[in-house]
Amino acid sequence: MDSRRKNDIVSWAHAKVPGLESITSFIRFLIEKKLIVLLAIAAAVLLFFFWAYVKLLAVMAFFIALGAFSMVYNRWIKVSVGVELVMLGLVITSIAFGRLPGLIVGMVGLFLAEVISERFTYSTFVSFIGTAVIAVIAPNIFHQTNSITSAGVILTVIYDAIIIPGYLLLGSNPGRSAFFVVTHIIFNIWAFSFIAPMMFRILA
(Lines give C-alpha, C1' and ligand atoms only; values in the text may rest on other atoms or scores of the structure.)
Protein backbone atom coordinates (compact mmCIF):
# COMPACT_ATOMS: atom_id res chain seq x y z
CA MET A 1 0.00 0.00 0.00
CA ASP A 2 2.83 2.37 0.87
CA SER A 3 4.55 1.62 -2.41
CA ARG A 4 1.32 2.28 -4.32
CA ARG A 5 0.80 5.52 -2.49
CA LYS A 6 4.30 6.62 -3.23
CA ASN A 7 3.81 5.93 -6.92
CA ASP A 8 0.54 7.88 -6.85
CA ILE A 9 2.28 10.86 -5.25
CA VAL A 10 5.11 10.74 -7.83
CA SER A 11 2.57 10.53 -10.67
CA TRP A 12 0.63 13.47 -9.21
CA ALA A 13 3.86 15.53 -8.90
CA HIS A 14 4.80 14.80 -12.49
CA ALA A 15 1.32 15.86 -13.63
CA LYS A 16 1.30 19.10 -11.60
CA VAL A 17 4.93 20.24 -12.18
CA PRO A 18 5.81 20.57 -15.87
CA GLY A 19 9.30 19.39 -16.70
CA LEU A 20 9.70 17.38 -13.51
CA GLU A 21 9.90 14.17 -15.50
CA SER A 22 12.75 15.53 -17.58
CA ILE A 23 14.55 16.79 -14.45
CA THR A 24 14.32 13.41 -12.70
CA SER A 25 15.40 11.67 -15.90
CA PHE A 26 18.37 14.00 -16.11
CA ILE A 27 19.34 13.32 -12.49
CA ARG A 28 18.98 9.59 -13.09
CA PHE A 29 21.19 9.94 -16.17
CA LEU A 30 23.86 11.77 -14.13
CA ILE A 31 23.83 9.04 -11.49
CA GLU A 32 24.10 6.29 -14.08
CA LYS A 33 26.88 8.10 -15.99
CA LYS A 34 28.77 9.37 -12.96
CA LEU A 35 32.17 8.36 -14.38
CA ILE A 36 31.58 10.41 -17.53
CA VAL A 37 30.30 13.33 -15.45
CA LEU A 38 33.35 13.20 -13.15
CA LEU A 39 35.69 13.14 -16.15
CA ALA A 40 33.86 16.08 -17.73
CA ILE A 41 34.11 18.08 -14.49
CA ALA A 42 37.81 17.22 -14.15
CA ALA A 43 38.44 18.29 -17.77
CA ALA A 44 36.61 21.58 -17.18
CA VAL A 45 38.65 22.28 -14.03
CA LEU A 46 41.93 21.47 -15.78
CA LEU A 47 40.95 23.63 -18.74
CA PHE A 48 40.13 26.51 -16.38
CA PHE A 49 43.43 26.38 -14.50
CA PHE A 50 45.68 25.46 -17.45
CA TRP A 51 43.96 27.46 -20.20
CA ALA A 52 47.12 29.45 -20.96
CA TYR A 53 49.07 26.24 -21.65
CA VAL A 54 46.25 24.72 -23.69
CA LYS A 55 46.03 27.91 -25.75
CA LEU A 56 49.80 27.96 -26.28
CA LEU A 57 49.90 24.34 -27.44
CA ALA A 58 46.94 24.90 -29.77
CA VAL A 59 48.54 28.00 -31.30
CA MET A 60 51.87 26.23 -31.74
CA ALA A 61 50.22 23.23 -33.39
CA PHE A 62 48.25 25.55 -35.69
CA PHE A 63 51.31 27.50 -36.84
CA ILE A 64 53.43 24.36 -37.26
CA ALA A 65 50.77 22.80 -39.51
CA LEU A 66 50.26 26.08 -41.38
CA GLY A 67 53.98 26.47 -42.02
CA ALA A 68 54.51 22.84 -42.97
CA PHE A 69 51.74 22.68 -45.54
CA SER A 70 52.42 26.15 -46.94
CA MET A 71 55.46 24.74 -48.73
CA VAL A 72 53.93 21.54 -50.09
CA TYR A 73 53.95 23.07 -53.60
CA ASN A 74 57.74 22.58 -53.63
CA ARG A 75 57.12 18.90 -54.37
CA TRP A 76 56.16 19.89 -57.91
CA ILE A 77 57.74 23.31 -58.41
CA LYS A 78 61.51 22.95 -58.36
CA VAL A 79 62.27 26.68 -58.40
CA SER A 80 62.92 28.16 -54.94
CA VAL A 81 59.99 30.53 -54.48
CA GLY A 82 59.85 32.49 -51.24
CA VAL A 83 56.19 31.77 -50.55
CA GLU A 84 55.90 30.19 -47.12
CA LEU A 85 54.17 30.79 -43.78
CA VAL A 86 56.84 29.39 -41.47
CA MET A 87 58.22 32.91 -40.96
CA LEU A 88 54.78 34.23 -40.05
CA GLY A 89 54.23 31.61 -37.35
CA LEU A 90 57.80 31.92 -36.08
CA VAL A 91 57.62 35.69 -35.63
CA ILE A 92 54.10 35.88 -34.16
CA THR A 93 54.72 33.03 -31.69
CA SER A 94 58.11 34.41 -30.60
CA ILE A 95 56.60 37.84 -29.92
CA ALA A 96 53.30 36.74 -28.39
CA PHE A 97 54.48 33.75 -26.33
CA GLY A 98 58.26 33.90 -26.05
CA ARG A 99 61.45 32.81 -27.75
CA LEU A 100 61.29 29.09 -26.93
CA PRO A 101 57.75 28.49 -28.29
CA GLY A 102 58.70 30.54 -31.36
CA LEU A 103 61.86 28.50 -31.86
CA ILE A 104 59.89 25.24 -31.63
CA VAL A 105 57.28 26.49 -34.12
CA GLY A 106 59.96 27.63 -36.55
CA MET A 107 62.15 24.54 -36.31
CA VAL A 108 59.39 21.93 -36.37
CA GLY A 109 57.39 23.77 -39.03
CA LEU A 110 60.44 24.14 -41.28
CA PHE A 111 61.53 20.53 -40.72
CA LEU A 112 58.07 19.17 -41.60
CA ALA A 113 57.80 21.52 -44.58
CA GLU A 114 61.11 20.27 -45.98
CA VAL A 115 60.16 16.62 -45.39
CA ILE A 116 56.67 16.97 -46.90
CA SER A 117 57.99 18.82 -49.94
CA GLU A 118 60.86 16.31 -50.27
CA ARG A 119 63.42 19.13 -50.21
CA PHE A 120 65.31 18.28 -47.02
CA THR A 121 69.05 18.63 -47.73
CA TYR A 122 72.21 19.71 -45.92
CA SER A 123 71.37 23.33 -46.86
CA THR A 124 68.27 23.07 -44.64
CA PHE A 125 70.57 23.34 -41.63
CA VAL A 126 71.46 26.86 -42.79
CA SER A 127 67.74 27.70 -42.55
CA PHE A 128 67.66 26.24 -39.03
CA ILE A 129 70.41 28.69 -38.02
CA GLY A 130 68.43 31.59 -39.47
CA THR A 131 65.28 30.39 -37.72
CA ALA A 132 67.05 30.24 -34.35
CA VAL A 133 68.39 33.78 -34.75
CA ILE A 134 64.93 35.15 -35.66
CA ALA A 135 63.30 33.42 -32.66
CA VAL A 136 65.84 35.03 -30.33
CA ILE A 137 65.73 38.60 -31.69
CA ALA A 138 62.03 38.83 -32.67
CA PRO A 139 60.78 40.21 -29.31
CA ASN A 140 63.52 42.85 -29.28
CA ILE A 141 62.77 43.99 -32.83
CA PHE A 142 59.07 44.19 -32.02
CA HIS A 143 59.66 46.29 -28.88
CA GLN A 144 61.77 48.70 -30.94
CA THR A 145 59.23 49.05 -33.76
CA ASN A 146 56.00 48.45 -31.79
CA SER A 147 54.52 47.12 -35.04
CA ILE A 148 54.05 43.49 -36.04
CA THR A 149 54.21 44.52 -39.71
CA SER A 150 57.48 46.43 -39.42
CA ALA A 151 59.01 43.78 -37.17
CA GLY A 152 57.99 40.98 -39.52
CA VAL A 153 59.44 42.66 -42.60
CA ILE A 154 62.70 43.56 -40.82
CA LEU A 155 63.06 40.01 -39.48
CA THR A 156 62.42 38.58 -42.95
CA VAL A 157 65.24 40.70 -44.38
CA ILE A 158 67.57 39.66 -41.52
CA TYR A 159 66.68 35.99 -42.07
CA ASP A 160 67.46 36.21 -45.77
CA ALA A 161 70.72 38.06 -45.04
CA ILE A 162 71.73 35.16 -42.76
CA ILE A 163 70.82 32.21 -44.96
CA ILE A 164 71.79 33.40 -48.47
CA PRO A 165 75.58 33.54 -47.84
CA GLY A 166 75.34 30.02 -46.42
CA TYR A 167 73.41 28.78 -49.45
CA LEU A 168 75.92 30.35 -51.83
CA LEU A 169 78.84 28.78 -49.94
CA LEU A 170 77.12 25.41 -50.28
CA GLY A 171 76.89 25.85 -54.05
CA SER A 172 73.45 27.37 -54.55
CA ASN A 173 72.86 29.16 -57.85
CA PRO A 174 73.17 32.97 -57.35
CA GLY A 175 70.25 33.65 -59.70
CA ARG A 176 67.97 31.20 -57.88
CA SER A 177 69.04 32.62 -54.53
CA ALA A 178 68.30 36.18 -55.68
CA PHE A 179 64.89 35.10 -56.96
CA PHE A 180 64.12 33.48 -53.60
CA VAL A 181 65.10 36.62 -51.66
CA VAL A 182 62.99 38.93 -53.84
CA THR A 183 59.89 36.72 -53.74
CA HIS A 184 60.37 35.96 -50.04
CA ILE A 185 60.52 39.61 -49.05
CA ILE A 186 57.59 40.59 -51.31
CA PHE A 187 55.41 37.76 -50.00
CA ASN A 188 56.21 38.52 -46.35
CA ILE A 189 55.53 42.22 -46.82
CA TRP A 190 52.06 41.13 -47.90
CA ALA A 191 51.71 38.49 -45.14
CA PHE A 192 52.80 40.80 -42.34
CA SER A 193 50.69 43.66 -43.67
CA PHE A 194 47.40 41.79 -44.10
CA ILE A 195 47.50 38.50 -42.17
CA ALA A 196 49.78 39.10 -39.19
CA PRO A 197 48.01 42.14 -37.65
CA MET A 198 44.68 40.29 -37.40
CA MET A 199 46.27 37.13 -35.96
CA PHE A 200 48.43 39.12 -33.54
CA ARG A 201 45.41 41.05 -32.21
CA ILE A 202 43.60 37.78 -31.50
CA LEU A 203 46.56 36.15 -29.76
CA ALA A 204 48.11 39.10 -27.96
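This is a predicted model: local features need pLDDT of at least 70, side-chain atom pairs count only at pLDDT 80 or more; totals for chains, interfaces and linings use all residues.
Residues are numbered from 1 along each chain as its sequence is written, and side-chain values use heavy atoms, with hydrogens and water left out.

Okay, the aromatics. Searching the whole structure turns up 8 aromatic pairs, meaning rings of Phe, Tyr or Trp (its six-membered ring) with centres within 6.5 Å. One of them is Phe-111 with Phe-120, at 5.6 Å centre to centre and 80 degrees between the planes. That makes the pair edge-to-face (planes over 60 degrees apart; under 30 is stacked, the rest tilted). Phe-111 is partly exposed at 39% relative accessible area, and Phe-120 is partly exposed too, at 34% (buried is under 20%, exposed over 50%, partly exposed in between, with a 1.4 Å probe and protein chains only).

Now the surface. There's a nonpolar patch with about 1100 Å² of accessible area together, by the Shrake-Rupley method with a 1.4 Å probe. Patch residues have over 30% relative accessible area and no salt bridge, with nonpolar side chains joined within 5 Å; a salt bridge is a Lys or Arg side-chain nitrogen within 4 Å of an Asp or Glu carboxyl oxygen.

Which element gives the most to it? Helix 3, with 6 residues. Helices here are DSSP runs (H or I, at least four residues), numbered from the N terminus. Helix 4 (51–69) also gives two or more. Tyr-53, among the patch residues, sits in helix 4 and is exposed at 55%.

Key: Patches are made of residues with over 30% relative accessible area and no salt bridge: like charges are joined within 9 Å, nonpolar side chains (Val, Leu, Ile, Met, Phe, Trp, Tyr) within 5 Å.
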